[in-house]
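Colleague: I am new to reading structures like this one. Can we go through some features in turn, general idea before the case?

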Amino acid sequence: MSNLKMKEAALIYLDRSGGLQKFIDNCKSYSDSKQSYAVYRFSILINPSDIIELDAELGNHILHQPLKAAQVFQSVCFIAVKTLSLIEQLQTEAQINILLKLTHLPPLPSYTLDLCEFPLDYTSQRFYMMQGIVIAMTTVTKYTQGARFLCSDEACPLSKGFQYIRVHVPGATESATIRNDFLCNLCSSSLQEDRKFRVLGDKQIVEIITTKALRAFQGYSNNQPFRFQSLTVFLRDELVNEMNIGNEYKIIGIPTCVKTSQTALCIEANSITFFNPKVPSGISDNFRYLLSLTSSSYWKFTAILANIFASQIVPPGTYNLLKLCLLMSLVQTSDRNKELEDCLDLLIITNDILLVDRLLNFSINLVPCGIRHPVSTEIFPTLSRNKYGTGAVSIQGGSALLAKGGICFIGDLASHKKDKLEQLQSAVESRSITVYISGKKFGDDMDQQMTFPVQCSFWSFLDMDSSSRRNVQKTNTLIGQMDCSLIPANLIEAFGLLINCNESSPCHPLLPTVQHTLKKAIDPEGLLYVASKQFTTEDFEKLLAFAKNLNVEFSLEAERMIHGYYLASRRIRTDSICGSKLSASALKYLVSLSEAHARLNLRNKVLKEDVLIAALLFETSLTLKYGAAVLRVAPNAVFPFELYNEEYLEQRDIYLTQCQQQLQQFIATYGPGTAIFASDE
């Protein structure tokens, strides 16, 4: 009686939810094909909340005994097929394969599988939900959805028909579905598979890690030990190719234990959805008050942000140019499941790698997708044989794909080998990486290739104080040009911004830094400055999270200025031998810099004042790469004065206004529409 009641409830749910009509349409597709199948597969969308409200017992079966619940729906569907004469070829109930697709699970701890919590329950064969980031995936292979077996004794009645049907169930291996040791229940003769009725489906294996495990890739430690492991997820049929490396997903599935060379915890995916984090609704009160105080200026707010940023690492007022560029790069990041188009790569030239390394490492921890590349791993995808023996090739994502939507900090550029630098250059220029899969090496009939988008900004630095650079000095450098001869010129060009951080310059006085280091050695956890107490690390995290989600658009003035500067700068840096030194990506970086400054100012519109900062930063970078040109920009143009008080901020505004007039004059002289500009240009 209980089983009959559940069947009635299942039929009522299918009718109310529209599932019955969808089932009838699917049956019509099978019937129209006029082909006889061993297994007819149907997917039914289940809303657990609606089911429980309709019939609690059926809802309990779906959540805790999904295989038995599928049998209930299988029986209902078989009766419907026979009653309505939907599929003439169908003979037995065993031929119907029902897949229950859940929309969600109850938001209760007992339905969540957390890899950081032990012990893990993978024996109950029920649904769990887990959340994680894809770090590896295989190529797509085939598996057996279902097969028909016949008794080998021709005299046996079961040597014909569709009495012996094997279908894949969650957690089962291929050998569990297809074997040669099955016996007939009637005569005990061996069963043989009728191969022409075998039904194949697509299968893919991915590996995910819990989001908490990213701490291991962010170079951050609070002296608390922790461990993590990856979880293997099996995707089948319509779920194949629905997950991408670097994306974060919520997965509903049934855990199981697969034995390979070692026992591994796996989950058979039932449904997957993108994880969309909540967008912050605003910024802290202190930042809001600071924004109101500086509302009369286009440049004061970002100047103060740079001045007080990372006061745990360096004293306020030092490394302002670098800190502004870091903040601008951080606001150009995005959430993992959004396309990142406006990357802002940074290459820092310094003779104090320890301090710069600490500063960059601190900064990547302010965004969810900040990854510090471990030296022992690969930046880009690598290939290996799949450990589950499926014949598929496993593609390990690498740091760049794991940092999707964020920052990939790769450390000292000179520490990487030549082939890796060439790979980096190609990825930065094309924003993609192609993996070639040799069929001969991995036992396939043909070679394959897969292309992955590289959607992160790269941060790196060059140690100008190393012995190799002291011994090899380039003698023919131009005015303002830095000697980067030990790194391929094309790679230097590929980075959007080249930043010079020389601690002995007037912009980076030594004494405050020395005092800061000594105080931190005495009191590592202490807040040494008022700014550290007023504007905490959490405040900056909230500010960056809010700013990066702002949708910005260019004003007409800003658009004209950015194109005018690009064309004028391209014109004066072009010669008859080498052509233009400005690549087509230069305009993209100028746009990205302008948008970043507008976002950092918490504005939705890019103004010409934002373009000015972008132009000054870009021109400074060009001078470091190629030497000074017609538009003479001082190395400290963005921060010409030390920011002690309001008076110095006013002086900086006056100076930047003069720079803006100088830039407009430069565009008027060398930009489009001037006599010096050729008609074809």
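Colleague: How many bridges join E4 to strand E6 (residues 191-193)?

Modeller: General idea: two strands pair if DSSP finds at least two bridges between them. Strands (E, at least two residues) and helices (H or I, at least four) are DSSP runs, numbered from the N terminus. Here, three bridges join E4 to E6, and the two run antiparallel. Look at Leu150: in E6, its bridge partner is Gln192.

Colleague: What should I know about the numbering and the model?

Modeller: Residues are numbered from 1 along each chain as its sequence is written, and side-chain values use heavy atoms, with hydrogens and water left out. This is a predicted model, so local features need pLDDT of at least 70 and side-chain atom pairs count only at pLDDT 80 or more, while totals for chains, interfaces and linings use all residues.

Colleague: Which strand pairs with E4 over five bridges?

Modeller: That is strand E7 (residues 199-209), in the antiparallel sense. Find Lys142 and look across: its bridge partner in E7 is Asp202. Strand E5 (residues 164-167) also runs antiparallel to E4, joined by four bridges. There, Gly146 stands opposite Val167.

Colleague: Why is E4 described as largely enclosed?

Modeller: First, the cut-offs: buried means under 20% relative accessible area, exposed over 50%, partly exposed in between (1.4 Å probe, protein chains only). Strand E4 (residues 141-151) has 10 of its 11 residues buried, so the rest of the structure largely encloses it.

Colleague: What share of the residues is buried in the whole protein?

Modeller: Of the 681 residues, 53% count as buried. The protein has 22 helices and 23 strands. Now look at contacts, meaning heavy atoms within 4.5 Å. Take those with a separation of 6 or more: residues 24 or more positions apart account for 74% of them.

Colleague: Next, a helix. How many residues of H8 are buried?

Modeller: Nine of its nine, so H8 is mostly covered. Among them are Lys300, Phe301, Asn307 and Ile308. The helix spans residues 300-308.

Colleague: Which helices do the buried residues of H8 pack against?

Modeller: There are several partners. They include helix H7 (285-293), helix H9 (320-330), helix H18 (537-547) and helix H22 (646-670).

Colleague: Now the loops. Where is Cys484 found?

Modeller: Cys484 sits in the loop between helix H14 (467-471) and helix H15 (489-494). Cys484 is buried, at 14% relative accessible area. Its contacts, neighbours within four places in sequence aside, are Ile349, Leu462 and Ile492. Sequence distance and space are separate things to check. Cys484 and Lys625 are 141 residues apart in sequence and 8.3 Å apart in space, C-alpha to C-alpha.

Colleague: What is the relative accessible area of Ile487?

Modeller: For Ile487 the value is 6%, so the residue counts as buried. Ile487 also has its place in the loop between H14 and H15. The C-alpha atoms of Ile487 and Ala414 are separated by 7.1 Å, though the two residues are 73 apart along the chain.

Colleague: Last topic: cavities. How many of 30 Å³ or more does the structure hold?

Modeller: A cavity is a set of points on a 1 Å grid over the protein atoms alone, where a 1.4 Å probe fits but cannot get out; lining residues have an atom within 4 Å of a point. Points are joined across faces, edges and corners, and a volume is the space filled by probe spheres set on them. This structure holds three of 30 Å³ or more.

Colleague: Which residues line the largest cavity?

Modeller: Among them are Glu493, Phe495, Tyr589, Phe618 and Lys625. Helix H20 (585-600) and helix H21 (608-626) each supply at least two residues of the lining.

Colleague: How much space lies in the second largest cavity?

Modeller: About 40 Å³. Its lining includes Ile308, Ala310, Phe362 and Phe540.

Definitions and conventions
On a 1 Å grid over the protein atoms alone, a cavity is a set of points where a 1.4 Å probe fits but cannot get out, and a pocket is an open set with protein on both sides within 12 Å along at least five of seven lines; lining residues have an atom within 4 Å of a point.
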